[in-house]
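Here is a colleague's note on one model. Please read it with the viewer open.

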Amino acid sequence: MAAAVGGRGFLVQPCSLSFVSNKNVLKHSFGAANTCWHVKPAKPQGFARHVAHAQLRPTWLPGLDPPPYLDGSLAGDFGFDPLGLGEDPESLRWYVQAELVHARFAMLGVAGILLTDLLRVTGLLSIPVWYKAGAVKFGFANTETLFLVQLILMGFVETKRYMDFKSPGSQAQDGSFFGLEAALEGLEPGYPGGPLLNPLGLAKDIKNAHEWKLKEIKNGRLAMVAMLGIFVQASITHVGPIDNLVDHLSNPWHRTIVQTLANSAS
């Protein structure tokens, strides 16, 4: 017979009353009859190990064992990698940086779209809807010039970021960034820090800033999902997100995503 107590298993075997003095014997009484049992600790069962592991490590799907290479040490690591993209350690390091950069761009993009759309809808600014803003012609420079300037600047910054990824801290050394090295502390790849990119000093001790890293990546993932929603929304409704919100609030029961999708399909 087997008994489980708090995730610990015991193997129990019957014995005679002559062994009652043994400390490994459990005595139990049922009326007039006495029965005693040998009690031996058993190896923990796999189920108990999995339950304890699931309680200690939150995962994207409760009860799911995360891959061994996702050990919970990364910010926002909930064991989600259905395609096994992070099996190679070097690839995993790069994917972490790629997600972080995309998350930050998405947060800036969502904030910029919502703010400019709000200013446009309220009439405070006469500007085009966000997905047409790129077609606006500026008087101080033509489109080709702006594209080349952006290509050079973004290429320079991305090159410096890649160099810091390959050799952490190298881009914070004297003479490596036009004299701006003091404003980039080079805390670790993806977190340059300093007064330029961390003016409030929220995470000066980046090695122990796990909570700040987790908050950033969670908000960044939410922003990436939001950007995808904004893209789909604009493709279907051909208006901005604030326009969609105002339209929904004007008639909440009949202006929903269901009616919007039905009208777009007809």
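1. Ground rules. This is a predicted model: local features need pLDDT of at least 70, side-chain atom pairs count only at pLDDT 80 or more, and totals for chains, interfaces and linings use all residues. Numbering runs from 1 along each chain as its sequence is written, and side-chain values use heavy atoms, with hydrogens and water left out.

2. Aromatic pairs. The whole structure holds 7 aromatic pairs. Rings of Phe, Tyr and Trp (its six-membered ring) pair if their centres lie within 6.5 Å; planes under 30 degrees apart count as stacked, over 60 as edge-to-face and the rest as tilted. W130 and F231 have ring centres 5.9 Å apart and planes at 35 degrees, so this pair is tilted. The pair links distant parts of the chain, 101 residues apart: W130 sits in the loop between α2 (89-121) and α3 (143-166), F231 in helix α5 (residues 210-237). Helices here are DSSP runs (H or I, at least four residues), numbered from the N terminus. F231 is partly exposed, at 42% relative accessibility. The cut-offs are under 20% relative accessible area for buried, over 50% for exposed, and partly exposed in between (1.4 Å probe, protein chains only).

3. Cluster and charges. W94, Y162 and F165 make up one aromatic cluster. R93 lies over the face of F165, 4.4 Å from the ring centre. Elsewhere, the charged end of K213 sits over the ring of Y191, at 5.0 Å from its centre. The test for such a contact is NZ of Lys or CZ of Arg within 6 Å of the ring centre and within 35 degrees of the ring normal.

4. The second largest pocket. Its volume is about 1100 Å³. A pocket is an open set of points on a 1 Å grid over the protein atoms alone, where a 1.4 Å probe fits, with protein on both sides within 12 Å along at least five of seven lines; lining residues have an atom within 4 Å of a point. Grid points are joined across faces, edges and corners, and the volume is the space filled by probe spheres set on the points. Of the 38 lining residues, L74, A75, V96, E99 and R221 are the closest to the centre. α2 and α5 are the elements that give two or more residues to the lining. α2 gives the most, with 8 residues.

5. The lining divides into 21 nonpolar, 7 polar and 10 charged residues. Ala, Val, Leu, Ile, Met, Phe, Trp, Tyr, Cys and Pro count as nonpolar, Asp, Glu, Lys and Arg as charged, and the others, Gly among them, as polar.

6. Annotated sites. UniProt (unreviewed entry) places "binding site" at E99, H102, K215, N219, R221, Q233 and H248. Of these, E99 and R221 are in the lining of the second largest pocket. The "binding site" annotation (unreviewed entry) also covers E216, and UniProt lists R104 and L184 for it. Such annotations may be inferred rather than shown by experiment.

7. Exposure of these sites. In helix α2, H102 is exposed at 52%, while R104 is partly exposed at 26%. In helix α5, N219 is partly exposed at 44%, and E216 is partly exposed at 22%.

8. G76 lies in the loop between α1 (46-56) and α2 and is buried, at 9% relative accessibility. The C-alpha atoms of G76 and L214 are separated by 5.3 Å, though these residues are 138 residues apart along the chain.
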